Amino acid sequence: MVSITSAEAQAWLTEHRAADPARLLLAAHRWPNLPVRELVAQLAARQKARTKLPEWAENPALLFPVGLSVEQASSEATARFKAGLVAGATALADLTGGFGVDAWHFAQTVGRVTYVEQNAELAGIVAHNAAQLHTVNLSPENTTAEAWLAQSPPDSQDWLYLDPARRDGAGRRVAALADCTPNVPALLPALLRVAPRILLKTAPLLDLTAATRELGCVQEIIVVELGGEVKEVLYLLTRSSLNPTDSAVSAPTRRAVLLHPDGRVARTFAAFTEADEAAAPVAYGLPEAFVFEPGPAVLKAGALRLTAACFGLRKLHPQAHVYTGPTPIADFPGRQWRVRGTARYDRKAVRALLPEGRAGITTRHFPDDAPTVRKKLGLADDAAFTVLATTGPDGKPLLIVGERVA
């Protein structure tokens, strides 16, 4: 039987790239000289990764791990963005290597990249893939982050990168940094001995202020949005921020970054601190000609008052995070609609503004969720129009019918 890495096996993967893996497994007798079970597992992993890792999924020479490793890997877009953050460095070590997506992209912008992974099978897959991709400056090491740090000389790296595993020994999801593997807060002295700068990726749900307090040496927080979702929250930790007189300890800057599908930056909400947000002036008022909803990255970063101040907008309500103004904004980091009209929470009132009987539903600080609002109003879905169910300046429910601005 031929190897899974043979030319014949690669041709089979290419030929059946869109086929149903279950059906292929049932028809395994048609290919007696191929390791069909292993190839089907590869095919299933590639199909799952096609959106996240389109270039790798189409390369039959690469091996894919089975299980959570692909699911937990960074996308090509976010990995490309992170590689830009460390571009020009001489040496970087990825201490939570996984499937190697981040490590490979780092190797495109950094002189020398060390990939550290405790799982021997994963480390072998990454070594194979690095060879297939002709990445000579990527060096895999099969060990733990703790063991690697213990034998590494001081200042031997310019950067360290970590994306701690967010599952416990029983496979349950965890979010707190101290519960992840490796435990970054506990390792900070060792990490900052080896490199002056650390790039840390965390769960999107982790509270930014709590994480900053736990880490104690955060210089910058970058919230990364892709495809309308917060995909990653990145913390830049620096040795210099350990100095208690350094303002970065108590006031790291925050940025919200919206990416194009290829990893290029589409929009950025400029760096700010929590103090900047607290001091930003904000006014409230009824909907004007246009209404605006910040994207998930801006909301996660906490630029709520600043959104109004930076773009010259008014908020509808302190907790609603819906904004209004007289003109559209070309570079607004979120969605915007031209207001057709406002209505009370009533089917007849809304249908008078929407004779089409179709609209998307968005809720912000509203007593009912979107499916309930849709059912009560009797509307079919339509991306061109939106009913924004929110709360007005008087604290009462308010429905805004708007047409999406491209």
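1. The charged end of Lys-376 sits over the ring of Tyr-345, at 4.0 Å from the ring centre. A charge is taken to sit over a ring if NZ of Lys or CZ of Arg is within 6 Å of the ring centre and within 35 degrees of the ring normal.

2. The model is predicted, so that local features need pLDDT of at least 70 and side-chain atom pairs count only at pLDDT 80 or more, while totals for chains, interfaces and linings use all residues. Residues are numbered from 1 along each chain as its sequence is written, and side-chain values use heavy atoms, with hydrogens and water left out.

3. Across the whole structure, a search finds 10 aromatic pairs (rings of Phe, Tyr and Trp, the last by its six-membered ring, with centres within 6.5 Å; planes under 30 degrees apart are stacked, over 60 edge-to-face, the rest tilted). Phe-106 and Tyr-161 form an edge-to-face pair, with 5.1 Å centre to centre and 70° between the planes. This pair links distant parts of the chain, 55 residues apart: Phe-106 belongs to helix α7 (residues 101-106) and Tyr-161 to strand β4 (residues 159-162). Helices (H or I, at least four residues) and strands (E, at least two) are DSSP runs, numbered from the N terminus. Both Phe-106 and Tyr-161 are buried (under 20% relative accessible area, with a 1.4 Å probe and protein chains only).

4. The pair of Phe-269 and Phe-272 is edge-to-face because the ring centres are 5.9 Å apart and the planes stand at 80°. Phe-269 and Phe-272 are both buried. Ring pairs join Phe-269, Phe-272, Phe-292, Phe-311 and Phe-332 into a cluster.

5. Thr-307 lies in helix α14 (residues 305-311) and is buried, with a relative accessible area of 1%. Beyond its neighbours within four places in sequence, Thr-307 is in contact (heavy atoms within 4.5 Å) with Phe-269, Pro-294, Val-298, Leu-313, Tyr-323 and Phe-332.

Conventions:
Buried < 20%, exposed > 50% of the residue type's maximum accessible area, 1.4 Å probe, protein only.
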